[in-house]
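Take a look at the structure below. Then read on for a short tour of its parts.

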Amino acid sequence: MKSNYDILIIGGGPAGALAAKTAAEAGNSVCLIEKRSAIGTPVRCAEGIGKELLKEYVRPDPRWISADIESARIIAPNGTAICLDQARAGNEVGYVLDRKVFDRELVWQAAEAGADVIVKTRATEPIMENGAVRGAKVLSVGTPAEIRSEVVIAADGTEAQFARRAGLNTVVPLREMMSCAQYVMTDIDIEPGCTDFYLGNEVAPEGYLWIFPKGDRTANVGIGITGKMSRDGARAKDYLDRFVAKNFPDGKTIEMIVGGVPVCRPLACTVADGLMVAGDAARVVDPITGGGIGNAMYTGRLAAQVASRCIEAGNCSKEALMPYDLEWRASKMGAGIERNYKVKEYFVTLDDAKLNTLAESIASISFSEFSVLALIKELIKRNPKMLLELKALKDTLS
Amino acid sequence: MCTMLRINRDKCGYCGTCVAVCPEDALELIDAYLSLEGECIACGICARACPLGALEVDHEE
């Protein structure tokens, strides 16, 4: 194992892979380490992503696209459905990916660009010198080693322990951690091109339950509830089991997936001396949808671009790396996260009666755009009182 | 009083949700198992967040 690189990347998910590929293409020596023994597994994801977003980073390939999504339904507690479809919306919707293959493809592209990839290798703590991160102490298949670098990009997902051990606060408050469970189910009656989102305090308190198709009779059936609502007998798996028993009693579960999705605000600062944080570890997840793949690829790539410039200039201090933090916050992604965070904080306060009223108010509408923003704008148009409760949003929606 | 966090490895889905909410950085997800590496203060936050109910705080006199 080499012990010196320009850039060390912790984590082989979409953020780490895009960072590694971008950094290697810019001519840096790059090492990506992954603590698991394989890239892409175990999956901790519902696997949905918008088409336009995906295409910015990688050319769509049927090898890792499980389903092409043309419509979506949001189902209120009383069964009222808000339908969004591609034909009416006139724009493309999304894909459900096969993350096991997708993640491997991204890391393969990074390796092809010249990055070293080392699996079953866990960063135990940062190497700190004069308050700056200078690499990581690792356990590689149980053997201790040190990997030194000019910059470390922490893309270690929901656990986010690397940045934490370098002094950043990455702890997710219980009320802002979505506790999730999902079954990959087969032999079930679904609409293969339609994603369903079920809302309601009986179905998924402070969260939602999803059905994301992965084939004609196969889908990811999953749920996220807040940590606050999670307790013995009322955990994510309990709610999911109840839904499945009622709706898919004869379905077969071929995989069980669990995971935590942080829906707090992003980290207060995503850089430190010699350190950058990207993807779920930076908490750049959409707080409404819980989607994080696109944001991970965006922040991973941007982190590597800024790191490359700083390495070339010979200054990897916090101040020098700061343009990364400033740029993603000012981006469309950053603005969207801030807006959707406020929307999320409002939505978790709604009881079922209020959810039903809101859903009924927009159930008959043909949407010209397929997004959370379009939904919110329409909700406000039909429910002017809502804007009073959503004062904080006024500026971001105009 | 002695505190103990019990990890039911048969239930655990080794997803790391508990690791992210632990205020003490006491838990570690090591490849395919969860381990209590630091000092547990028995706050019970990890046990609440777990999607499967694999964690339990024991309070023993």
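## The model

This is a predicted model. Keep that in mind throughout.

## The sheet in chain A

Chain A has an open sheet made of 7 strands. Their order is 6-5-13-14-15-12-16, and the pairing is mixed. Strand 6 (81-85) and strand 16 (252-262) of chain A stand at the edges. Each has a single partner strand, so one side of each lacks a neighbour in the sheet. From one strand to the next, the twist averages 15°. In general, strands of a sheet pair through backbone hydrogen bonds, either parallel or antiparallel.

Now take one pair. Strand 12 (residues 177-186) and strand 15 (residues 218-226) of chain A run antiparallel. They are joined by 9 bridges. Within this pair, Tyr183(A) stands opposite Val221(A), a residue of strand 15 of chain A. Helix 6 (residues 236-247) of chain A packs on the sheet. Helix 6 touches strand 12, strand 14 (208-215) and strand 15 of chain A. The direction of helix 6 makes about 135° with that of strand 15 of chain A.

## Where chain A meets chain B

How many residues of chain A are in contact with chain B? There are 29, and they contact 18 residues of chain B. Four elements of chain A each supply at least two residues to this side: helix 5 (161-165), strand 12, helix 6 and strand 16. By class, the side of chain A that touches chain B has 10 nonpolar, 8 polar and 11 charged residues.

## The annotated binding site

An unreviewed UniProt entry carries the annotation "binding site" for residues of chain A, including Ala15(A), Glu34(A), Cys45(A), Arg99(A), Asp280(A) and Ile293(A).

## Two annotated residues up close

Ala15(A) is found in helix 1 (residues 14-25) of chain A. Is Ala15(A) buried or exposed? Ala15(A) has 35 other C-beta atoms within 10 Å, and 20 or more count as buried, so Ala15(A) is buried. Leaving out residues up to four places away in sequence, Ala15(A) touches several residues, among them Ala155(A), Ala278(A) and Met297(A).

Arg99(A) sits in helix 4 (residues 99-112) of chain A. Arg99(A) is buried too, with 22 other C-beta atoms within 10 Å. Not counting residues up to four places away in sequence, Arg99(A) touches Gly40(A), Val43(A), Cys45(A) and Glu47(A).

Conventions. Residues are numbered from 1 along each chain as its sequence is written. Chains are lettered from A and ligands numbered from 1 in the order in which they are written. This is a predicted model: local features need pLDDT of at least 70, side-chain atom pairs count only at pLDDT 80 or more; totals for chains, interfaces and linings use all residues. Two strands pair if DSSP finds at least two bridges between them. Axes are lines fitted to C-alpha atoms, for helices over the stretch in contact, and angles run from 0 to 180 degrees between N-to-C directions. Two residues are in contact if their C-beta atoms, placed from the backbone, lie within 7 Å. Ala, Val, Leu, Ile, Met, Phe, Trp, Tyr, Cys and Pro count as nonpolar, Asp, Glu, Lys and Arg as charged, and the others, Gly among them, as polar. UniProt positions are given in the numbering used here, feature names are shortened, and annotations may be inferred rather than shown by experiment. A residue is buried if 20 or more other C-beta atoms lie within 10 Å of its own, exposed if 12 or fewer, and partly exposed in between; C-beta atoms are placed from the backbone.
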